[in-house]
Amino acid sequence: MQNFLFTSDIFKGSRYEKGHPLDMDRVWPSVELVQLMGWIKNEQIIKNHPAETDELIKFHDLDYVNALKKAEEDQYLPEKLKRKFNIGIGNNPIFSEVFSRPATAARASIRAVEMISNKKAEKILNISGGTHHGRKSQAFGFCFLNDCVLAILKAIELGFKEILYVDIDAHHCDGVQDAFVENENVSIISIHEKNRWPNTGLIEDSNIHNIANFPVPENFNDKEMDFIIKNGVIPFATTKKPDLLIIQAGADMLDGDPQSRICLSNNAYWKAINDVLSLCKNVIILGGGGYNPYLTAKAWAGNWALLNNKVDLLDDIMKPECYNLLKSLKWNNSRVRNGIPDNWISTWRDKKSNYKVGEEVISIVDQVLKIKNI
């Protein structure tokens, strides 16, 4: 059975407003890196169209969906609707594809669940997904729709009994947790930076039977990620026996990302995902955060290798075409004011470093295990 990579032409050229953290390209470069390396067949790439209103209102309010459509059509909303729906305010700007882009990501996540349910695939990578902050009737945290929630709701509708959602984005998956608190079919695990927006995801939330939160300190390192996965995530997850695994693989914990104070290498990032993949044969990997285009494109492209059980591909020499693609990406950030660091664009894997597991991380795992009686 083939695995598939979901994308859409809409992500090539679509950007948030100038100066926004998402005023850059991430999705299409990830797909092109996979193609340039020869890691994928053309028939494994599926392009999606925007979700229909009736699909979106399985979670989102109809008035909100209509306002989002109107914002795209007119490139404007009255002030009253802006405030009501949080569209065009702060970091949730009105841009050319403000409805079509998130609706395409949502359709891809929904379709991924449908294909797995219909036995047309076991594993799917939807790089455009992972918009885990979206609310029923408000844009929140750069997320206009919540494809994670929509995918889980579709999975429940199609008869999946034990859905495991694992989120390694630097920011807590508040929208997903709020949507499925106490749900008997869904377990939610989140590793995220503590004291980081949206300031949710406390350890104490792990007292809820289907929630396990691991809020980690700044400078969280490779050894500590491995420790949490092996000693916290896997023991809790194996009590659930999932029939569908959804991984939100945000790349903003990587060292060099401007939206966190975490310092993971992509070696730890990929190892964490690879270890979690062992929990279930039916898997959807989503994107999410990731605000350094070079690191994010490599991380998400590498997830295709993991999904296909070909982790050794990540030790391949990066082809010159990939180097040139990464070098061509534009990013208005002080980190590249004096040029792009060569290690960001010339090799797949980051350099390995020696770290140790700090007492705070050990304590976090101990607290969650104690709460869960594991």
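Biologist: Hi! What relative accessible area does Gln-367 have?

Modeller: Gln-367 comes out at 35%, so Gln-367 is partly exposed; buried means under 20%, exposed over 50% and partly exposed in between, with a 1.4 Å probe and protein chains only. This is a predicted model, where local features need pLDDT of at least 70 and side-chain atom pairs count only at pLDDT 80 or more, while totals for chains, interfaces and linings use all residues. Residues are numbered from 1 along each chain as its sequence is written, and side-chain values use heavy atoms, leaving out hydrogens and water.

Biologist: Thanks! Which helix is Gln-367 in?

Modeller: Gln-367 sits in α13, residues 359–371. Helices are DSSP runs of H or I with at least four residues, strands are runs of E with at least two, and both are numbered from the N terminus.

Biologist: Let's switch to the core. Which members of the largest nonpolar core touch the most others?

Modeller: Ile-87, Ile-191, Phe-214, Phe-220 and Tyr-269, out of 132 residues. Helix α10 (residues 293–307) gives the largest share of this core, 10 residues. A nonpolar core here is a set of buried Ala, Val, Leu, Ile, Met, Phe, Trp, Tyr and Cys residues joined through side-chain atoms within 4.5 Å.

Biologist: And what does Tyr-269 touch?

Modeller: Leaving aside residues up to four places away in sequence, Tyr-269 touches Ile-168, Ala-249, Gly-250, Ala-251, Leu-254, Ala-299, Trp-300 and Asn-303. Contact means heavy atoms within 4.5 Å.

Biologist: How many residues of α6 are buried?

Modeller: 8 of the 11 residues in α6 (147–157) are buried, which makes the helix mostly covered. Among them are Asp-147 and Lys-154, along with Val-149, Leu-150 and Ile-152.

Biologist: What caps its N-terminal end?

Modeller: Asn-146 does, with a side-chain oxygen 3.2 Å from the backbone nitrogen of Cys-148. Just after α6, Gly-159 has a positive phi of about 100 degrees.

Biologist: Which other residues have a positive phi without being glycine?

Modeller: Asn-219 is one of them, with phi of about 65 degrees, and Asn-309 is another, near 60 degrees. Asn-219 lies in the loop between β6 and α8 and is partly exposed at 49%. Asn-309 belongs to the loop between α10 and α11 (320–328), and its relative accessible area of 68% makes it exposed.

Biologist: Which peptide bond is cis?

Modeller: The one from Trp-197 to Pro-198, with omega near 10 degrees. Pro-198 is in the loop between β5 (186–193) and β6 (211–216).

Biologist: Now pockets! Which residues lie nearest the centre of the largest one?

Modeller: Leu-22, Gly-141, Phe-142, Cys-143 and Tyr-291, from a lining of 32 residues. On a 1 Å grid over the protein atoms alone, a pocket is an open set of points where a 1.4 Å probe fits, with protein on both sides within 12 Å along at least five of seven lines, and lining residues have an atom within 4 Å of a point.

Biologist: Which helix gives the largest share of that lining?

Modeller: Helix α5 (residues 100–117), with 3 residues.

Biologist: What lines the second largest pocket?

Modeller: Its lining includes Asp-222, Lys-223, Asp-226, Lys-271, Arg-349 and Lys-352. Both α8 (222–237) and α9 (266–277) supply at least two lining residues each.

Definitions and conventions:
Polar contact = N/O pair within 3.5 Å; in protein donor to acceptor, adjacent residues only side chain to side chain.
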